[in-house]
Amino acid sequence: MSLLEKPLIKGDKSPKDVTEDIAHLVEAKPHLKWLWMVLSAKSMLLFYMVVVGCIVGIGMGLMGVNHPVGWGTDIVTFVFWVGIGHAGTLISAVLYLFRQKWRTSIARSAEAMTVFAVMTAGIFPIIHTGRPWLAFWLFPYPNQRGPLWVNFRSPLLWDVFAISTYATVSIVFWYVGLVPDFATLRDRAKKDGRKIAHGVFGALSLGWRGATAHWRHYEMVYLILAALSTPLVLSVHSIVSFDFAVAQLPGWHTTIFPPYFVAGAIFSGFAMVVTLMTLIRIAVPKFKDYVTLDHMELMNKIIMTTGMLVGYAYASEFFIAWYSGSKYEGYAFINRAFGPYWWSYWTMITCNVVIPQLFWFKSLRRNIPVMFVISIFVNIGMWFERYVITVTSLHRDFLPANWGLFDMTFYDFGALIGSFGMFFTLFLMYIQFVPAISIAEVKPVLGTGKEGGH
Amino acid sequence: MASDGLPIFTKLDGMMAVFTEEHQILEAARKIKEQGYTVFDAITPYPVHGLEEAVGVKRSWIPWVTFIAGATGCIFGTWLTWWTSAVSWPINVGGKPMWSLPAFVPIIFELTILFAALASVKIMFVACGLPRVNPPVVDEDLTSHKFGLFISSKDSKFNNEETKKALADLGAEKVHEVSEY
């Protein structure tokens, strides 16, 4: 039975109920559970700031990077977070273009996740430069050094343009979606005579009123942004994969990288959406009416599909390494699976390929604790995927004289764990202060699955 | 203007009928158009399917702006990479030509998207007359669950009593006289 035949929103709600439910989340005083969650996330954020402060103040020597592994966990964690962000764009833009109505109740949170994940990601390459105070050199601005321009032939610079464009367009897309909801909150504040809220939401809503003459432009721009974000999101992770694929290192220099990275990004991003949604459904029970088990099941199906795509990529890499006859390429892959970092490779395979197969069973796809655990495994697995790609290729390249090992230090772990503090602090703030489900987008789908609905 | 009670205005700019159901606003807009009104608009909490045709607004022209901005971004990106890499300070990187177009495609692509997206959003706000400080709010529920139909006094068919009656006959919950729209 297709989902379209069932109501997307539970509880037979009227548009008024929807406004009440979602606006209430913003207007009500923070819940004690939320406060505890924010306090723990903020403690992790403070820890993160101390760790990053040490790395910046004392130097990159605190982290594990050294010859021959010059790209360490900064790059691994950067790719991990950028990948997380991609599911948000997939839900908000690609599913919008395919007219998937079920996206409406998760799109806002998924987009917020994108914005925060990209913000978290962006810090890592800047730390990795070693002298972050000179990071503005990455932009081609007229300068007094010649002017000496940036190297536009470098994939690392493509990355700067891709990530900054992606961050900008994602924030704008998110904000455009929020404008009508801020107008709703503004008018509610006016009705109740809450002056400060009226002022704040009035400014945020930019004076939106919802005239039909305005909606026609609004809907068109929303469609345009979706249509622009779709190739953008594919380009971003393709370009991230170019950071590796354009280099000549065995294990990196493969043409499969762009689609393989994009599939992996969507895979990990959907896992993070499932993690967040299961948590929100616990912290804010009202969400259960909007993000139903049907939504979760659909996301789990996408996780399983993209997980198998990623599994196919792993297999295909191995096959081509053998079939190409290149002994360096062949060795790189044997070394991945059976060399000193075998444990990271098999963690990756277990988490990304084996465990998601449980979603073949409908009962497990619709079981909240099970999907929560699986989504965590997928996130771990996807972090290890980037670890495997980055570290195992670098640590043994062409010349055995160049071989060496990489070890994570306290600061590598600290930056990784701390970055979750930053991400969760931002996300929890968003849950409390911004309407976490699109009020204006949910209302038109209320009729779905009802008698006489469309 | 508050929803409770109608203040008296010397200058009348139109009439706003408030409906409670989605199908009512669609019907009302169609009937008002049939009756010969031309200068009217609807305010809805979400885009109502079919209302654009009923009110008679045309398809948005913003895609043209998107196209022009995207083309500008594309040309700018091409110029930027060419001028900096091949003209201003040419540097030989890996023996590639100074004007190595394939390597510049990602930059050009990203700038195309960036220009197109930002210009589309900017022009949307300009076209809607936003940002607007303290926009007139006739009924606070119009952004929540009610639907408003506004007829301007500039409409040649506008007549204080008749228009009010016409709107009330369409099943409006309330009809407001509006001084500013």
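## Contact between the chains

Two residues are in contact here if their C-beta atoms, placed from the backbone, lie within 7 Å. By this rule, 52 residues of chain B are in contact with 51 residues of chain A. The model is a predicted one.

On the chain B side, the elements that give two or more residues are strand E2 (40–43), helix H2 (51–55), helix H3 (62–88) and helix H4 (101–127) of chain B. H4(B) gives the most, with 16 residues. Sorted by class, the side of chain B that touches chain A has 34 nonpolar, 12 polar and 6 charged residues.

## Chain A as a whole

Chain A has 16 helices and 0 strands. The C-alpha atoms of chain A fill a box of roughly 75 × 60 × 40 Å along the principal axes.

Of the 454 residues in chain A, 50% are buried. Taking contacts in chain A between residues at least 6 apart in sequence, 82% join residues at least 24 apart.

## Two crossing helices in chain A

Helix H3 (residues 73–97) and helix H8 (residues 257–283) of chain A pack at an angle of about 80°, and their axes are 6 Å apart. Angles of 65 to 115 degrees count as roughly perpendicular, and H3(A) and H8(A) are therefore roughly perpendicular to each other.

Among the residues that H3(A) brings to this contact are A:Gly83, A:Ile84 and A:His86, while those from H8(A) include A:Gly264, A:Ser268 and A:Phe270. The residues of the contact divide into 8 nonpolar, 7 polar and no charged.

## A buried methionine

A:Met382 lies in helix H14 (residues 368–395) of chain A. A residue is buried if 20 or more other C-beta atoms lie within 10 Å of its own. A:Met382 has 26 such atoms within 10 Å, so A:Met382 is buried.

Leaving aside neighbours within four places in sequence, A:Met382 is in contact with A:Phe80, A:Gly83, A:Gly264, A:Phe267, A:Ser268 and A:Asn352. A:Gly83 belongs to H3(A), and A:Gly264 and A:Ser268 belong to H8(A). A:Met382 and A:Val76 are 306 residues apart in sequence, yet 9.8 Å apart in space, C-alpha to C-alpha.

## Chain B as a whole

Chain B has 5 helices and 4 strands. Read from the N terminus, its elements run β-α-β-α-α-α-β-α-β. The radius of gyration of chain B is 25 Å, well over the 16 Å that the globule rule gives for 181 residues, so chain B is more spread out than a compact globule.

The C-alpha trace of chain B spans about 80 × 30 × 30 Å along its principal axes. Buried residues make up 44% of the 181 residues in chain B. Among contacts in chain B between residues at least 6 apart in sequence, 79% join residues at least 24 apart.

## The sheet of chain B

In chain B, 4 strands form an open sheet in the order E2-E3-E1-E4, with antiparallel pairing. E2 and strand E4 (174–178) are the edge strands, each pairing on one side only. Ignoring direction, neighbouring strands of this sheet are turned by 20° against each other on average.

Strand E1 (residues 14–19) of chain B is joined to E4(B) by 5 bridges, and the two run antiparallel. In E4(B), B:Val178 stands opposite B:Gly14. Helix H1 (residues 22–34) of chain B lies across E1, E2 and strand E3 (147–152), running at about 20° to E3(B).

Terms used:
Residues are numbered from 1 along each chain as its sequence is written. Chains are lettered from A and ligands numbered from 1 in the order in which they are written. This is a predicted model: local features need pLDDT of at least 70, side-chain atom pairs count only at pLDDT 80 or more; totals for chains, interfaces and linings use all residues. Ala, Val, Leu, Ile, Met, Phe, Trp, Tyr, Cys and Pro count as nonpolar, Asp, Glu, Lys and Arg as charged, and the others, Gly among them, as polar. Two strands pair if DSSP finds at least two bridges between them. Axes are lines fitted to C-alpha atoms, for helices over the stretch in contact, and angles run from 0 to 180 degrees between N-to-C directions. Angles under 35 degrees count as roughly parallel, over 145 as roughly antiparallel, 65 to 115 as roughly perpendicular and the rest as oblique. A residue is buried if 20 or more other C-beta atoms lie within 10 Å of its own, exposed if 12 or fewer, and partly exposed in between; C-beta atoms are placed from the backbone. The radius of gyration is taken over C-alpha atoms; the globule rule is 2.2 Å times the number of residues to the power 0.38.
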